[in-house]
Amino acid sequence: MRWSKTFIPTLKETPAEAEILSHKLLLRAGIVRKLTGGLYTFLPIGLRVLKRIEGVIREEMNAAGGLEVLMPALHPPEIWQQSGRYETARDVLYKARDRANKEWVLSPTAEEVVTTLAAGEISSYRQMPLNFYQISVKFRDEIRPRFGLMRAKEFIMKDAYSFDGSDEGAMASYQRMFNAYQRIFNRCGLKNFPVEADTGVIGGSHSHEFMVPAETGENDVVYCESGKYAANIEKATSAGPVNPTPITETALAPEKFPTPGAVTIANLVAAPYNVPACQQIKTLVFMVKSAATDQTQPVIVLVRGDDELNEAKFAGLIGTTIFRPATAEEIFSFLGAHPGSLGAVASTLAAEGKKWTVLADEALRGGKGMVTGANADGFHIRHIDIPRDIAVSQWGDLRTVKAGELCLATGKPLKIQRAIEVGHVFKLGTKYSEKLNARFLDAEGKSKPCVMGCYGIGVTRTLQAIIEQCNDKDGIIWPVAVAPYVVCLTPLSIAPGSAVMETAEKIYKELTEAGIEVIIDDRDERPGVKFKDADLIGFPIRVGIGEKSLSKGEVELKPRGGTLQLVKTEDAVGQILAAIKAKSA
């Protein structure tokens, strides 16, 4: 390819819209252009990278037994209603109506579609295992699109779905995909690691996310340096708070005391109250929609004053993602007080025949000598003995883990770092197959639901994650496997028939015949401009060809991010191939 025959609009200045380094480089290197918030056009150089990443994914998916299909992006809402996700996923669903005013759902993922396919095609255990995958456009109604391709309204995803006749078979399929994902991200040049993850709105019983360490990532990953434990903050567990919950043996009865103006944990920590945060009970109220009754009911949630509620864990405990914080008005109507003075002491709950659901974090279990709100504005209660004074409906791990807490697996302190999620694997079980009637006859002729798994890779997000991780002060450093062109030939004179151009054409021909993707920068630009653009875009190998070096029988070989080397012209192709091999290792 000749530079003059393609379109690579590099930018010297960074557009104001770019917030993080990878977003800046996406724009400056001429990879994408923004249409509007969350929507981007891929330019020729960007599309080449995208196709290279897709090529790696296809090779590994096919090697792992995946069968590529292409499913519709327009879904009938009935299958989403049947699965239950028309409600649980409503916040991210794009919906459209046709000329007959019929509603459709734009695909954010394809569990419903592929399970409907399986229901019509799979009838016997002999047909399984099966794994269908596709690479296609998806749509999600992001509240706040940001960071370029990291959080977009339209994106490209590889999604795969396995069907097995048993849990054992499903776990084998899960492991095959897990292993394939490790190979895919390694081949893409990404330092990555899998972490235990919450299954979220997708559902299922087993889940891992593949994370790329990056300070600009939107995920917090909890890990132990031993390498024996890593989990998304939404899933992470620990041995508990560093400072234990007070268990002060006392026979004192609960005592109501005035706390005018003290409506936060910090207010009670300060004088004149001097109540440590770990001795306080934080009371939260949520409105939760019951799947059984379709009614919304208030639920009280208790965590320690120095802890934060982990809403993903809360959703897992209550079995639904359809909940919201109660408003101040709702809380007052339920408890007779405003936020800041709330509690769950049984004697203060104005029940009127109502049985309150009170969920409490395990860190509070057995707590004595605690302080909580009195359900009267401006008052709290001390000497709380939780087993005695609070009727807890259910205990669970509801708190967000903090750095420094001890790992359950090793007993060593946990650390937290930011990361970018690029892939996610789920063992779904029979959640979708039961609801959408994807059943088969086993060896004994009994009808059973297929056991499913689903596996996603954000292809466009992976592209940007590579940039976020692989860069220096001069621009992108593409790994060989995904580079738009592996070699950039940079003739410093473009006069037709000159020794410089003849040498460039000869090297181009030989490299192309060897299967290497090459671009010749034949623009009539200054050498400095050409070198800066090549570094900005990030071609793995740049070969400079000038009259001065040719007069000595040499060309300049410069691996991206490496040291410039002078090599004999006759050895140039061999040296370039060796440099590519070294960069690919």
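Reply:

Asparagine 101 counts as exposed because its relative accessibility is 52%, where exposed means over 50%, buried under 20% and partly exposed in between (1.4 Å probe, protein chains only). The model is predicted, so local features need pLDDT of at least 70 and side-chain atom pairs count only at pLDDT 80 or more, while totals for chains, interfaces and linings use all residues. Residues are numbered from 1 along each chain as its sequence is written, and side-chain values use heavy atoms, with hydrogens and water left out.

Asparagine 101 sits in the loop between β5 (94-97) and β6 (103-106), the helices (H or I, at least four residues) and strands (E, at least two) being DSSP runs numbered from the N terminus; although not a glycine, asparagine 101 has a positive phi of about 65 degrees. Asparagine 274, in the loop between α7 and β14, is another non-glycine residue with a positive phi, near 55 degrees, and asparagine 274 counts as exposed at 52% relative accessibility. That loop between α7 (265-269) and β14 (281-289) also holds proline 272, which is joined to alanine 271 by a cis peptide bond with omega near 10 degrees.

Beyond its neighbours within four places in sequence, isoleucine 31 is in contact (heavy atoms within 4.5 Å) with residues including Phe42, Leu463, Ile476 and Trp478.

Helix α2 (residues 44-63) packs against helix α12 (residues 459-469) at an angle of about 110 degrees, with their axes 10 Å apart; axes are lines fitted to C-alpha atoms, for helices over the stretch in contact, and angles run from 0 to 180 degrees between N-to-C directions. The two helices α2 and α12 are therefore roughly perpendicular, a word used for 65 to 115 degrees, with under 35 roughly parallel, over 145 roughly antiparallel and the rest oblique. Among the residues making this contact are Ile53 of α2 and Leu463 of α12.
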